[in-house]
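Please open the model in your viewer and keep the selection panel at hand. The tour goes from stop to stop, saying what to select and what is found there.

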Amino acid sequence: MSVHPLIKSLKASLIVSVQAYPGEPLRTPETMAQMSRACELGGAAAIRCQGLSDIAAIKGRVEVPVIGLWKDGHEGVYITPTLRHARACVAAGADIVAVDATDRHRPDGKLLEDTVRPLQEEGVLLMADCMTIEDIRHAYELGFDLVSTTLSHNKPAIETSLNEGPDLPLLRQAVEEFPDLPIICEGHVHTPQDARAALDAGAWAVVVGTAITHPTSVTSWFKAALDE
C-alpha cells in the first residue's frame, strides 16, 4: 500500500495523547495546548487530542501533526462516531482524524464505510481505532491510512493500573498479517520499557497518553505503591 508522507514521518516515533477527562482541573483548551507544546519540546512527533476546542488550540501552538478526534458520549461508538464529527475535526485543524473502527452499532445507524468513503474522497487522512484483529482487517480493506490498537483493552485508560501493559499479542498478529500497514500501538503504554517493547514488536509508532499527560493517574500509581 502507498503510505502518505505525513504518515511516513511518524515511523518509529512517539505520539503523545493529550486529553483530560470531564470535570478535571486541566480540562481547558489552553492547558491542553500548553501541555502539547511541552510534549513537542520533549520529542513528541505528533499530538493526539480530542474535542474541537482542544484541536484548534493545540494546532495553533505546535508544529507537529495533530491527530484529532471528537468523543461524543461514554459508551459504544463515541470516538468520532459520525461523518459530521469527522468533518468538524478537519475544520478545527486536525491533520489526521481518528475514528472508531469497530463493528459496533453507530449512533447514526450507518456503516463504518459510510463515514470513511466521503472523507477519503475529500482527502482526509484517517486513523482506525480498533478493538480486535477483525477490526484491523476491516480497516485495511477500507483503506485507512493507519490503524491503532486503541480499544483492545475495552476500558477507559483512567481505569488502568501501572502494571497493565500494551496489547502486544494483537500488535504482533496485525504486523504479521499486514507488514506494510502503519500499525500504531496505543493503550496502556505506561513506561519507556512498554514503548520500546511495542516498537520492537513491529509498531509503526507508539502512542502514550496517561503516563505522560494525566497527573491524577500517575499520582494514584505512586500512592498505591506507597500504600502496599
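Predicted model: local features only at pLDDT ≥ 70, side-chain atom pairs only at ≥ 80, totals over all residues.

Residues are numbered from 1 along each chain as its sequence is written, and side-chain values use heavy atoms, with hydrogens and water left out.

Begin by selecting residues 52–59, helix α3 (helices are DSSP runs of H or I with at least four residues, strands runs of E with at least two, numbered from the N terminus). Its buried residues (under 20% relative accessible area, 1.4 Å probe, protein chains only) are Asp-54, Ile-55 and Ile-58. These cover an arc of only 100° around the axis, taken from the directions from the axis to the C-beta atoms, which puts them on the same side of α3.

Next, select Leu-170, which lies in helix α7 (residues 168–177) and counts as buried because its relative accessibility is 8%. Leaving aside residues up to four places away in sequence, Leu-170 touches Met-131, Thr-132, Ile-133, Ile-136, Thr-149 and Ser-152. Between Leu-170 and Ile-136 there are 9.7 Å from C-alpha to C-alpha, although they stand 34 residues apart in sequence.

Key
Buried < 20%, exposed > 50% of the residue type's maximum accessible area, 1.4 Å probe, protein only. Contact = heavy atoms within 4.5 Å.
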